[in-house]
Amino acid sequence: LKEKSYLSSKLYYNVSEYKAAIVALKNSVKDFPESNHREEQLFLIVKSAYLLADNSVSEKQKERFQATIDEYYTFAGEFPQSKYAKEALEMYEASKKFLGN
């Protein structure tokens, strides 16, 4: 079940359904906190949030870039030495820049 949950949640990301990917990935992380894919799932939540914000209409971008920053803190707090850390940091910095921080 862990593997199925991981694969189905990642599928949303792969087909660029970022809003659905965020929900599915968060549910998978919540349902299977001991998953071997936890690091990648938390990273994909950050990346999905960033891509959703970047491709959003201007009225929703501020809120969505803030959500990206929040998700980054969750990811970086749990996996500070991650192989995804550099890419996650770049999305975090871009989000902060957009918000003028």
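How many salt bridges does the structure hold? The structure holds six, where a salt bridge is a side-chain nitrogen of Lys or Arg within 4 Å of a carboxyl oxygen of Asp or Glu. The model is a predicted one, in which local features need pLDDT of at least 70 and side-chain atom pairs count only at pLDDT 80 or more, while totals for chains, interfaces and linings use all residues. Residues are numbered from 1 along each chain as its sequence is written, and side-chain values use heavy atoms, with hydrogens and water left out.

The overall fold comes first. The chain has five helices and zero strands. Helices (H or I, at least four residues) and strands (E, at least two) are DSSP runs, numbered from the N terminus. Along the sequence, the pattern reads α-α-α-α-α. The C-alpha atoms fill a box of roughly 40 × 30 × 20 Å, taken along the principal axes. For 101 residues, a compact globule would have a radius of gyration near 13 Å, and the chain agrees, with 13 Å. This radius is taken over C-alpha atoms, and the globule rule is 2.2 Å times the number of residues to the power 0.38.

Surface and burial were computed next. The accessible surface of the chain is about 6100 Å², and 52% of it belongs to carbon and sulfur atoms. Areas come from the Shrake-Rupley method with a 1.4 Å probe; for residues, only the protein chains shown count as cover. Buried residues make up 45% of the 101 residues. Buried means under 20% relative accessible area, exposed means over 50%, and partly exposed lies in between (1.4 Å probe, protein chains only). Contacts (heavy atoms within 4.5 Å) also reach along the chain. Among those between residues at least 6 apart in sequence, 59% join residues at least 24 apart.

In soluble globular proteins, nonpolar side chains tend to be buried together. The largest nonpolar core here has 25 residues. Such a core is a set of buried Ala, Val, Leu, Ile, Met, Phe, Trp, Tyr and Cys residues joined through side-chain atoms within 4.5 Å. Within this core, Y13, L42, F43 and F75 touch the most other members. Helix 2 (18–31), helix 3 (38–54), helix 4 (58–78) and helix 5 (85–99) each give two or more residues to the core. The largest share, 10 residues, comes from helix 3. Neighbours within four places in sequence aside, F43 is in contact with F75, Y84, E87, A88 and M91.

Helix 4 was examined in more detail. At 1.5 Å a residue, its 21 residues should span 30 Å; the end C-alpha atoms are 31 Å apart, which agrees. The expected span is 1.5 Å times one less than the number of residues. Buried in helix 4 are Q61, R64, F65, T68, I69, E71, Y72 and F75. Their cover includes helix 2, helix 3 and helix 5. Q61 has a relative accessible area of 13%. Leaving aside neighbours within four places in sequence, Q61 is in contact with A53, D54, S56 and F98. A76 also lies in helix 4. At a relative accessible area of 22%, A76 is partly exposed. A76 and L25 are 51 residues apart in sequence, and their C-alpha atoms are 16 Å apart in space.

Side chains of opposite charge can pair when their charged atoms come close. Among the six salt bridges is the pair of K2 and E34 (3.8 Å, N to O). K2 lies in helix 1 (residues 2–14) and E34 in the loop between helix 2 and helix 3, so the pair ties together parts 32 residues apart in sequence. K2 is partly exposed, at 37% relative accessible area. E34 is partly exposed too, at 48%.

Another salt bridge joins E40 and K10, with the closest N and O atoms 2.9 Å apart. E40 lies in helix 3 and K10 in helix 1, so this pair ties together parts 30 residues apart in sequence. E40 counts as buried at 16% relative accessibility, whereas K10 is partly exposed at 21%.

K26 and E71 also meet in a salt bridge (2.6 Å, N to O). Here the pair ties together parts 45 residues apart in sequence, because K26 lies in helix 2 and E71 in helix 4. K26 is partly exposed, with a relative accessible area of 38%. E71 counts as buried at 16%.
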